[in-house]
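Me: I'd like to learn how to read a few features of a model. Could you walk me through them one by one?

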Amino acid sequence: MTIHIGDTAPDFEAETTEGSIKFHDYIEGKWAVLFSHPKNFTPVCTTELGYTSKLKSEFDKRNVKVIGLSVDQLSDHAQWAKDIEETQGSALNFPLIADHDRKVALLYDMIHPNASDTMTVRTVFVIGPDKKVKMSLNYPASTGRNFDEILRVIDSLQLTAQHKVATPVNWKSGEDVIIVPAVSDEDARKQYPGGWKAPRPYLRIVPQPK
Ligand code: BEZ
């Protein structure tokens, strides 16, 4: 099933390293990151899971629940978690779905048959508190993802959810933002009485709202 931005993230039940979950109940009221790994006991995945664990306080700060997925058995996850802690210096601190029957992987189109029939590609879904998909990406198995970038995207998404602004190229939290085209100058003046920089009428730049 192809899942697009704006779609409701499909619900599912699964076994994880932190017990059984019903996905929608698990993420209730929170933002969520659901991400897949090609296979347990593989090097790139090991580094990604260790690094994501180190970012726990950053995800907590943003009210985000993180959940990983790998198409392996729960017993394998437990063994691999020890390796992650020992080699990456950080213990797994979020649930890892044991999707050995590929139920969730197929539901979320995480298996791309021309890449591999059995392993998932590296997908990331960012899901809002309304359970809608806000962002998705696919990386090949050989390329580790940049989880600092995922945090940056979440910062942008959360800002957009609160204010009618968009974020420009390479934006980082604290930098100037853009008033979205759907907001008229008249309405923008109410929100930004100090005005904005506009090198073109359609390019209206303001400091990041607090
Ligand atoms: C890895 O995580 O290192 C990996 C997994 C599958 C294929 C290639 C690399």
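Me: Which classes of residue make up the lining of the largest pocket?

Reply: Happy to start there, and do keep in mind that this model is predicted. The lining of the largest pocket counts 6 nonpolar, 3 polar and 5 charged residues. As for its volume, the pocket comes to about 200 Å³. Among the 14 residues lining the pocket, K56, D60, V64, K65 and V66 are the closest to its centre.

Me: Which elements each supply at least two residues of that lining?

Reply: Both α3 (56–61) and β4 (64–70) do.

Me: Now to a single side chain. Is E48 buried or exposed?

Reply: The general idea is to compare the relative accessible area with a cut-off: under 20% counts as buried. E48 has a value of 3%, so E48 is buried. This residue belongs to helix α2, which spans residues 43–54.

Me: Which side chains does E48 join through polar contacts?

Reply: There are two to look at here. The side chain of R145 is joined to that of E48 by a polar contact of 2.6 Å, and the side chain of H37 by one of 3.4 Å. Setting aside neighbours within four places in sequence, E48 is in contact with H37, R122, T143, G144, R145 and F147.

Me: And how should I read a pair of strands?

Reply: In general, side chains of a regular strand alternate between the two faces of the sheet. Here, β1 (residues 13–16) and β2 (residues 19–22) run antiparallel and are joined by 4 bridges. A hairpin of 2 residues links β1 to β2.

Me: Which residue of β2 is the bridge partner of E13?

Reply: That is K22.

Conventions:
Residues numbered from 1 in each chain as written. Predicted model: local features only at pLDDT ≥ 70, side-chain atom pairs only at ≥ 80, totals over all residues. Heavy atoms only, no water. Buried < 20%, exposed > 50% of the residue type's maximum accessible area, 1.4 Å probe, protein only. Polar contact = N/O pair within 3.5 Å; in protein donor to acceptor, adjacent residues only side chain to side chain. Contact = heavy atoms within 4.5 Å. 1 Å grid on protein atoms, 1.4 Å probe; cavity = no way out; pocket = protein on both sides within 12 Å on 5 of 7 lines; lining within 4 Å. Points joined across faces, edges and corners; volume = space filled by probe spheres on them. Nonpolar A, V, L, I, M, F, W, Y, C, P; charged D, E, K, R; others polar. Pairing = 2+ DSSP bridges.
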